[in-house]
Amino acid sequence: MSHLLRAFPAFLRVSIQAMLQYRGEILLWCMWGIVNPTVLYVMWSAATRGAPDGKIAGLDQNGFAVYYFFLLIVGHLTAAWDVYNMSYLVRKGQLSPLLLRPILPMWESLSSNLAYKITTLMFAAPMWLVFILITQPSFQTQWWQAGLGMIALLLGAALNYMLCYTVALVAFWTTKLDAVGEIYFGLGMLLGGRMAPVDALPPYLQIASEFLPFKWMFAFPVEVLAGMRDDVHAVTRGLLIQAAWVMLVVLVFRISWHLAVKRYSAVSG
Amino acid sequence: MAQIEVEHLGKTFKVPEREAGLVASIGSLFRRKYRDVRAVDDINFTVEAGEIVGFLGPNGAGKTTTLKMLSGLLHPTAGEARVLGHTPWKREADYLRRISMLMGQRSQLQWDLPAVDSFYMHGAVYDIPKADYQQTLDELVELLAIGPVLKKQVRTLSLGERMKCEICASLLHRPAVLFLDEPTIGVDVEMQARIRSFIGQYNRKHGATIILTSHYMADVTALCKRIIVIDQGQLLFDGSLPALSEKMAPFKVIKIDLDAKCDDYPFAEIGEVISCDDRKVELKVPKAEAAAATAKLLTDLSVLDLTIEDPPIEDVIKQVFGGRAQRDDAETTETAGASA
Amino acid sequence: MLLFARISVQNFAAYRADFFLRGIMSLVQLAAELIVVDTIFHNTETLAGWRLPHMLVLVGVYRMVAGGIRIYIVPNMRRVLEDIREGTLDFVLLKPVNSQLLVSIREFVFWRITDLIYGGTAAAIGASMLAKDIGATQIATFVFMLAAGFAIIYSVWLALATIGFWFIRVQNIEMVFWNVFEAGRFPVMIYPYWVQWSLTFLVPLAFITTFPAGTLLADPATGVPAAAPYYAAGIAVVSVLLSSWFWRFGLKHYSGASA
């Protein structure tokens, strides 16, 4: 553990330096996280104009501005992408040097995940401000909601990161996992409250989202931060469900990592 | 005390068969045929602390597979191995901290950052005490003469410079056992010599046990007192260099200096003529016939000087492996990897 | 051409898991887009005048165009950028064929054809739901609009690839493109006026998805101007000429720099 406490900051420092080397690329990467929610916001606010009472799932135009503003932030801070680059690491044999180290390769990946979020903040935060300036939302978030919302955001980020990394381990069995990545990402989009708030989803999607972890990654933190959840108990229960999901995924990760390394050391190395 | 003990070690890969042609490749979508490839087949050896052992063999012989098993990257399908008292493929952190594996074709350095940043990270990952780290780094930087390139982005380094940095990273935690897989691949001749001399120096100074594979004979002949020859997964020879020539070379080279020019003498009947330059003749003669050939030459001709030598090691190896040493396709068995 | 297709079939049959996955993936992607449409009209009657059948057509068009880009434009332009970076573009320039033509037809990602089929089907279903007669002229105009849209996208990509002559590290240019293209999922009429204007004239995205879909429907409710085909023809010709000129200009710079 003390070993990890020393290694992780070193990873983080080096990752940040590496990210700064790629700043151009990273900004483009980051742009998608801005464009997609913005387009969806515009679409939904156009849709409210066609809705009977100007409201969709209880949200009017302003409600959508607030919702998508927080989704910009939550989407950025919960981002995870190992499912996309794990297959590259495995195929190119880049994983071997990582496995020779006396430390779990996941820590290095986590450090570059954090490094990305830290370094791109300089770019993303101004864009969030621009979003506010253009859409002029009025916020109703209370202090307790902001506080618990941040915890929900942290848990959401942990959940997405861990699940994404665990799903990425499929790379050890199949050569390309672009498709797995797309499905993972698509489910997050459809069921996680990104394409539309969960309450606006048709019933079959709402049911699916109940049983899958995606809405606990994105929708829940956004709803709490946006002040859409008024019941303290319900929010606390939500936090507990998030924590339970995180623990479950960590457990699954530990088992699958063991199997993945076994597989790797049977066939490639 | 033996640091590395290998008993009946074996590794069999299942490789999907791929047939040529459109119909066959569509057919293979549904039903795949697999073929067993024995990359390593029942290998036994032990290595004592402080030894440098060279692995020789053509591509695909199983050298890299063996090293990967010893470093814990691959799980064998048969046999046992103990390195420093550990079973490598259990991949215990305590074991990984005491070894190093350098893969010539794979980088452990951060491509876009100066090497010194990778070293720093390495220090933290291996939990090297600060003072030790600085001391080791200074020493390695000096020995390898990489001071000037430490602060340059790794991607801008020449292959030789990069390789020296890779070596430096591999040694920062002072591994007791070092696996070097093609440490000089693609590097120019002068740099090869420097890397070679560094490895020798390091071994003498720190007593690290080293196993080395290389395409370049010179690496092996210069560094290794002991050679292990592997071909098609099997151990063909384990012993010293002279013993290798003795055992593997089925012929001797007879060199004679003649008193007078002797063009019409039928040298070709005695052995294969390697060169015939005025009054100096070199003949390749099967080992068993060397004595008889010498006697015949001495009686037939007026010889000023005659020596019987072992052929150069390169020729021996070439002889042993035939043309296969040049063939690269066998390599696929080693990299077949996760494609299954 | 046939030989290329054959080799790429073989090549990719080698990746077994991919073969099935990709076939299914195109379908899944379409399904996801349809789910988005369903979600929208679960909550509202119209989206800036577009109703469910209209949106189905738009989804179909979006899928077809995205498919076309991935089948043929992106792979070729990727290869150009790679060639510029590695200096292998010289081999192209040595061939006695028009360089622009040659770099535009070297690659072909055949399995993406499924996108055309699925997209076409979605558009056809949407159009038939309107229970209105769609005449041959309308279909011809629609095909023409698609072709014009495709020509515009091709030009945009050629221009993006040409930028590679000056800035080597532009691999991520693709990302910029998809970012902007993302906005074409929905009718441009949902955007504020200034964005609409920019998407019509500055970055002619409207001509690529919204307008072709609108011409097939020929429904004034969609807000697509009746004169759209004329504009499309004009913009397509101008962008093809401009990008071709830019390519030649870039080539001059390239041969000048590498000499």
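Colleague: In this predicted model, what makes the three strands β2-β1-β4 of chain B an open sheet?

Modeller: The order is β2-β1-β4, with antiparallel pairing. β2 (34–48) and β4 (78–83) of chain B stand at the edges, and each has a single partner strand, so one side of each is left without a neighbour in the sheet.

Colleague: How are neighbouring strands of this sheet turned against each other on average?

Modeller: By 25°, with direction ignored.

Colleague: How do you know that β1 and β4 of chain B pair?

Modeller: Two strands pair if there are at least two bridges between them. Strand β1 (residues 2–16) of chain B and β4(B) have five bridges, so they count as a pair, in the antiparallel sense. For a place to look, take B:I4, which stands opposite B:V83 in β4(B).

Colleague: Now chain C. What makes the span of helix α6 of chain C close to the expected one?

Modeller: Helix α6 (residues 113–129) of chain C has 17 residues.

Colleague: Why are some residues of α6(C) called buried, and which are they?

Modeller: A residue is buried if 20 or more other C-beta atoms lie within 10 Å of its own. In α6(C), these residues are C:T114, C:D115, C:Y118, C:G119, C:A122, C:A123, C:G126 and C:A127. An α-helix has 3.6 residues a turn, so residues three or four places apart point the same way.

Colleague: How many residues of chains C and A count as being in contact, and why?

Modeller: Residues count because their C-beta atoms lie within 7 Å. The contact takes 29 residues from chain C and 30 residues from chain A. On the side of chain C, α2 (16–43) and α8 (173–182) each give two or more residues. The largest share, 14 residues, comes from α2(C). By class, this side of chain C has 17 nonpolar, seven polar and five charged residues.

Colleague: And which elements of chain A touch chain B?

Modeller: Here 29 residues of chain A are in contact with 28 residues of chain B. The elements of chain A that give two or more residues are α1 (2–21), α4 (82–91), α5 (95–99) and α12 (232–267). α1(A) gives the most, with nine residues. This side of chain A divides into 15 nonpolar, ten polar and four charged residues.

Colleague: What are the domains of chain B?

Modeller: The assignment gives domain 1 (2–11 + 40–246) and domain 2 (250–309). Their centres, taken over C-alpha atoms, are separated by 43 Å.

Notes: Residues numbered from 1 in each chain as written. Chains lettered and ligands numbered in written order. Predicted model: local features only at pLDDT ≥ 70, side-chain atom pairs only at ≥ 80, totals over all residues. Contact = placed C-beta atoms within 7 Å. Helix = DSSP H or I, 4+ residues; strand = E, 2+ residues; numbered from the N terminus. Nonpolar A, V, L, I, M, F, W, Y, C, P; charged D, E, K, R; others polar. Domains from an automatic or database assignment. Expected span 1.5 Å × (residues − 1). Buried ≥ 20, exposed ≤ 12 C-beta atoms within 10 Å, placed from the backbone. Axes fitted to C-alpha atoms, helices over the stretch in contact; angles between N-to-C directions.
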